[in-house]
Amino acid sequence: MSAIDDLVTELAKLPGIGRKTAQRLTFHLLKQPPEEAGRLADAIRQVRERVTVCGVCGNLTDEEPCAICADPRRDGALLCVVEEAADVGAIERTGRFRGRYHVLGGRLSPLDGVGPEALRLERLLERVGNGSGVREVIVATNPSMEGEVTATYLQQVLRPTGVRVTRIARGLPVGGDLEYADDVTIAQALEARREMSEAD
Amino acid sequence: MPLVATSAVVLQTYRYSESSKVVRLATRDLGVQSAIAKGVLRPRSRFGAALEFLSEGEAQLYFHDSRELHTLAAFDVTNLRRGLALDMARFAGAAALAQVMLKMAPPAPLPAAFDTLTAGLELLASASPEGVEAAAVRALWVLVTELGFGPSLASCVRDGAAIAPSDGAPVAFSAADGGVFCRRCAPAQPPTQLPAEDYRDLLALNDPAAALPALDAPHAAAHRRLVARFVRHHLDAESLSALDSWEGHAWAILSPSPAAS
Ligand SMILES: [Zn+2]
Ligand SMILES: [Zn+2]
């Protein structure tokens, strides 16, 4: 197999990239100065070598602990539990959450063989335990069936600690249109309705 | 490539590409089938939140006779079964039921098995908190029976002799042989000796018309073990993730209530 075929094959394994796009990217790289392609190759190698899982929260990081866990300005009383490290990025992009995170590394899914032992739950209990200063755990697992049952399980596991456990709201997407929303989403939005106040 | 409509329950989904999922469905008219739901992962997918584990609805499938993977055109959800996610025991029982359907049902029309599956899910959703364990055990036995693997409980698996439990003697049961033995045929060391009371409970659990027996925790565990062993034996499977997790109360490990204190 030629070097060109090699790269096309590797690129085509990436999500969202078909064979045609992989070919286009390959020829694009060949037109660039060699240093350019070298930087890309280095960056790929570095990300695999340096990025690890934060020993505290489970986020992906190249320092230990991660920047969020190490930041003294973050509110240690608020802990947001998410399924995957990518979810931390999604919440961070909003710039609205000033607490810390806990990444489970998945969600309960018995048919896929994912049980409680596969999630980072013992570490979570340590973090929430006595003297930790955590006052509220926000359960931000996905609103899927598996995400919901994981939330139920977390609530059960955290109950003895006495910490306040909250669940992120479900409902209509901002900028959405009632007419085009599906029935389930509308029903859940109605269920999760709240009083209107001046502050909103 | 005909478009067919059928009632269906979502048994499993997995990611197929950046925007699509493969959905394994228990359908009323076509048995267990796999279909690709194109674009389901896009933010404004026409499938919305419908293709969730255990949700029930009307599926429209482009049915490819020559292929194993069909195309899901629409899924209008009628029952999301969200309540099952609010209770670990109900959810674990429902997941075990879904796994039995996935592993034991053929890709051929089985309306009675489909109705038994949905009735089992309803039973799990509506059972009283004390009755959840018995409800799950019953739902599994009844589904296994409807799929053609039911145990022989009223008569001996060897010679067909009627079993008379009224004398209070234990009854021998073997998953490998597919049911109970009369006293004459019982092996010297049967895999399971059912005390008369447990045998009566087993009969009641297998009879959808009977009242659900009240099972305390050790008896519920024994009945879970019995049906799980029976299913594993008939599937020739060492382990079945959802069934094992339900049988062993996997979710109870970290729960400090029974263990720690
Ligand atoms: Zn961290
Ligand atoms: Zn006999």
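Reader: Leaving aside its neighbours within four places in sequence, which residues is B:Ala242 in contact with?
Author: Happy to start there, with a word on the model: it is predicted, so local features need pLDDT of at least 70 and side-chain atom pairs count only at pLDDT 80 or more, while totals for chains, interfaces and linings use all residues. Residues are numbered from 1 along each chain as its sequence is written, and chains are lettered from A and ligands numbered from 1 in the order in which they are written. Two residues are in contact if their C-beta atoms, placed from the backbone, lie within 7 Å. With those sequence neighbours left out, the partners of B:Ala242 are A:Pro110, A:Leu111, B:Ala95, B:Ala96, B:Ala98 and B:Gln99.

Reader: Is B:Ala242 buried or exposed?
Author: B:Ala242 belongs to helix α6 (residues 241-247) of chain B; helices (H or I, at least four residues) and strands (E, at least two) are DSSP runs, numbered from the N terminus. A residue is buried if 20 or more other C-beta atoms, placed from the backbone, lie within 10 Å of its own, exposed if 12 or fewer, and partly exposed in between. B:Ala242 has 27 other C-beta atoms within 10 Å, so it is buried.

Reader: What distance separates the C-alpha atoms of B:Ala242 and B:Val100?
Author: Along the chain, B:Ala242 and B:Val100 are 142 residues apart.

Reader: How are α1(B) and α2(B) oriented to each other?
Author: Axes are lines fitted to C-alpha atoms, for helices over the stretch in contact, and angles run from 0 to 180 degrees between N-to-C directions. The axes of α1 (residues 88-104) and α2 (residues 111-126) of chain B come within 9 Å and cross at roughly 170°. Angles under 35 degrees count as roughly parallel, over 145 as roughly antiparallel, 65 to 115 as roughly perpendicular and the rest as oblique. The crossing therefore makes α1(B) and α2(B) roughly antiparallel.

Reader: Which residues of α2(B) make the contact with α1(B)?
Author: From α1(B) come B:Arg90, B:Gly93, B:Ala94, B:Leu97 and B:Met101. The α2(B) side consists of B:Leu117, B:Gly120, B:Leu121, B:Leu124 and B:Ala125.

Reader: What is the handedness of the crossing of α1(A) and α2(A)?
Author: The axes of α1 (residues 3-12) and α2 (residues 19-31) of chain A come within 8 Å and cross at roughly 130°, and α1(A) and α2(A) are therefore oblique to each other. A crossing is left-handed if the near helix is turned anticlockwise from the far one by less than a right angle, and right-handed if clockwise. The crossing of α1(A) and α2(A) is right-handed.

Reader: Which element gives the most to the side of chain A that touches chain B?
Author: In total, 22 residues of chain A are in contact with 29 residues of chain B. Two elements of chain A give two or more residues to this side, α7 (145-158) and α8 (183-191). With 8 residues, the one that gives the most is α7(A).

Reader: Which element supplies the largest share of the side of domain 1 of chain B that touches domain 2 of chain B?
Author: Chain B has domain 1 (3-80) and domain 2 (83-252), with bounds from an automatic or database domain assignment. Here 15 residues of domain 1 of chain B are in contact with 16 residues of domain 2 of chain B. On the domain 1 side, β1 (3-15), β2 (21-27) and β3 (31-37) of chain B each supply at least two residues. The largest share, 4 residues, comes from β1(B).
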